[in-house]
Amino acid sequence: MDSDVDVPPSPRSDLISGGVWVVIGIAIGIGSWRMDRLAKQGVPGFAAPGLVPGILGVLITLTGLAIVLRSLRRGALAGAPPDASPPLFTGRALLTLALCLGFAAGLVGHGLPFPVAAAVYLFAHIFLLQLPERRAAGNVARGALVAATIAVVAAGTISFVFQYLFLVRLP
Amino acid sequence: MLEGLYALGRSLAAFFGFWPIVYALGATLVGILVGCMPGLSATLAIALLTTLTIKMAPADAILILICAYVGAIYGGSRTAILLNIPGTAANAAACLDGYQLARKGQAGRAMGIATCGSVAGSLFGVVCLALLTPSLGEVALSFGAFEFFWLALFGVMMSGSIAGSDPLKGWLMGFAGLFVTLIGQDGLHAHDRFTFGYNDLSGGLSLIPALIGAFGLSEILTVLSQPAKKALINSVDSVLPRIRDVLQYWRTILRSGVIGVYIGILPGVGEDMAAWSSYAAAKRASKHKEEFGQGSIEGLMAAETGDNASIPGGIIPALALAIPGSAPSAVLMAAMIIHGVQPGPMLMVNQPQFVYDVVAMTLLATLGMLFFGLFLVRPLLAIIRIPRTVIMPIIMVLCTVGSFAIASRLFDVYIMLFIGVCAFLLRRLNYPIPPFVLGVVLGDILDKSLRRGLTLSDGDLAPFITRPICALLAAVTVFTMLMYVPAFNRGYKSAQARLMQALRSSFGR
């Protein structure tokens, strides 16, 4: 689903994100200005490799600045009203992020066969996400068994389909 | 004309064989399943399937991608009707009346209407695709670097204006997408830009892993950070549509088809806007306006016809101009390039048959959609009941394999992770992702067109605003941006009111 969050972010978070964009835009602008303009190869200034990134750097800076100014007008620095916007990371999102990073950047491509890495990750993720409900229902052991079964079947199927049916290399 | 019909006949004959039909049905089913699952978008379905079909023959691979695209947009109506959650952004308008019909015990009828609307819209779009693409391609042959620069910028700015609720953030995401695609070797002089001496960056950021991150990992994080909704309906009435429901609203179908195709053709606008515009137009024209939002068959029909008609509509500029109409068609276009098809004005010169192949593929997808929509409703409903805590980790494994599969580089997996985490944070801060996708796809065209144009004009900017099409595109782009400047907007509206007043008084006299 391509939708975004329902609650709009607070002016303060807009101030911070706009500020980050201004810094990024300025950095792009400086990087583009310093880039070799290939004048020695007879390339005119208007065809230099840094031209378009430079323009984009300026546009990003200006748009970021507009967001900063708008957030200030909406009272980003005034007092500290209760923040209605949702936190950036919930506990579940943090757990998901840690598990996803652990799988894709840690387990994969470092010697462990892919089906094993995928099965370990799937078991851990499914089991941990369902743990609160399972604990409340008093069937943690059953949850572990279900998670393990899904993990083994899904990891095996994905590996088989990619490698043998569609001839795609696995990491 | 006859030559076109002959080419279409050849394509239809080629694609109505056993294996193409098997591929089409399989891919449409996969698309519908993806669309059924809130959190998974048509864009992600196409990006993931691009990696899966990388070793297949180009025609088969593109057939699969188009069928998945059509299926995903259609499948999203299931969750819109049953959960009041649009499966894809394109189905948001279908929630209004579809969900109300489901609450009245008419979920099956609503799904039947959604199927009819989707099939009718898609068929209307297919006809337009066959008729308009060659003509637009012919017109585009006269386009030069100046026009392509404006088309690319227009697409990104339009997408930025419409996607999400904050145009400033939309434009910023578009600029960011344009910049990201410039990382790596410059297309004109092979000079490294922003690679910091890192060899893996010289080739640029791969599009598909970046999109898998933006639409896959970010969705996984978003979906799992929200509480799950339970399906409202456990049993449905008959999904076979009533002929009267369809015939009664033929005007709505036709109007929504035209709106859907038109909005699809506009660069960067997308299926969701097509659905909303069709819905609004149907409401304006309806004799039963009060029923809209309360379970109107006409409203649901309009929304679903509009979004599905915009799919072929979005493919038209992608094929003829290499400027995609929406985020999913941008990924589809990128997949075509990976498979050796070069969309753009020269397509009708170099590979004219391909356009008719795409027509045949979209037609197959439509038939697949009709088949599954009418006969496989109950098994499809089971998908909605699979817990997200099971689906999302499996999608993560697919995202990882998919990112790696394109070039067998772990670096691409890291790109997916980086873009995915950034996209998740940006979405939480209300920055829309579709303009970023358009930017990534159009960045190369914009960069090369601007510098080529300046080289041709020896640094003179005048041709960028004096050539007729450039002038039109520039005026629309600048006007769209200025409309979001409060002072300009107020001035424009007061001038418009004064003009209307003057006209009224002069006619009244």
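**Grounds for the terms used**

Modeller: Met396(B) touches, not counting residues up to four places away in sequence, Cys100(A), Phe103(A), Ala104(A) and Tyr121(A), together with Leu217(B), Ile220(B), Met416(B) and Leu417(B); contact means heavy atoms within 4.5 Å. This is a predicted model, in which local features need pLDDT of at least 70 and side-chain atom pairs count only at pLDDT 80 or more, while totals for chains, interfaces and linings use all residues. Residues are numbered from 1 along each chain as its sequence is written, chains are lettered from A and ligands numbered from 1 in the order in which they are written, and side-chain values use heavy atoms, with hydrogens and water left out.

Colleague: What makes a set of residues a nonpolar core, and which residues have the most contacts inside the largest one?

Modeller: A nonpolar core is a set of buried Ala, Val, Leu, Ile, Met, Phe, Trp, Tyr and Cys residues joined through side-chain atoms within 4.5 Å. Buried means under 20% relative accessible area, exposed over 50%, and partly exposed in between (1.4 Å probe, protein chains only). The largest such core has 185 residues, and those with the most contacts inside it are Phe103(A), Met396(B) and Val397(B). Helix 4 (residues 58-83) of chain B gives the most to this core, with 13 residues; helices (H or I, at least four residues) and strands (E, at least two) are DSSP runs, numbered from the N terminus. Apart from it lies another core, of 22 residues, including Ile253(B) and Met301(B).

Colleague: How many residues of each chain are in contact, and how much area do chain B and chain A bury between them?

Modeller: The contacts involve 71 residues of chain B and 69 residues of chain A. The two chains bury about 6300 Å² between them, 76% of it on carbon and sulfur atoms. Buried area here is the accessible area (1.4 Å probe) that two parts lose on being put together, summed over both.

Colleague: What makes a pair a polar contact, and how many residue pairs in polar contact are there between chain B and chain A?

Modeller: A polar contact is a pair of N or O atoms within 3.5 Å; within protein, one must be able to donate a hydrogen and the other to accept it, and residues adjacent in sequence count only if both atoms are side-chain atoms. Between chain B and chain A the count is 8 residue pairs, both residues being at pLDDT 80 or more. Among the elements that give two or more residues to the side of chain B that touches chain A are helix 8 (167-180), helix 10 (207-224) and helix 19 (388-405) of chain B. Helix 19 gives the most to that side, with 11 residues.

Colleague: Why is the pair Arg70(A) and Asp166(B) called a salt bridge, and why does the pair join two chains?

Modeller: A salt bridge is a side-chain nitrogen of Lys or Arg within 4 Å of a carboxyl oxygen of Asp or Glu. The structure holds 11 salt bridges over all chains. Arg70(A) lies in helix 2 (residues 51-73) of chain A and Asp166(B) in the loop between helix 7 and helix 8 of chain B, so the pair joins two chains. Both residues are buried.

Colleague: How do you know whether Pro324(B) is buried or exposed?

Modeller: Pro324(B) has a relative accessible area of 0% and is therefore buried. This residue lies in the loop between helix 14 and helix 15 (327-338) of chain B. Its contacts beyond four places in sequence include Pro267(B), Met333(B) and Leu442(B).
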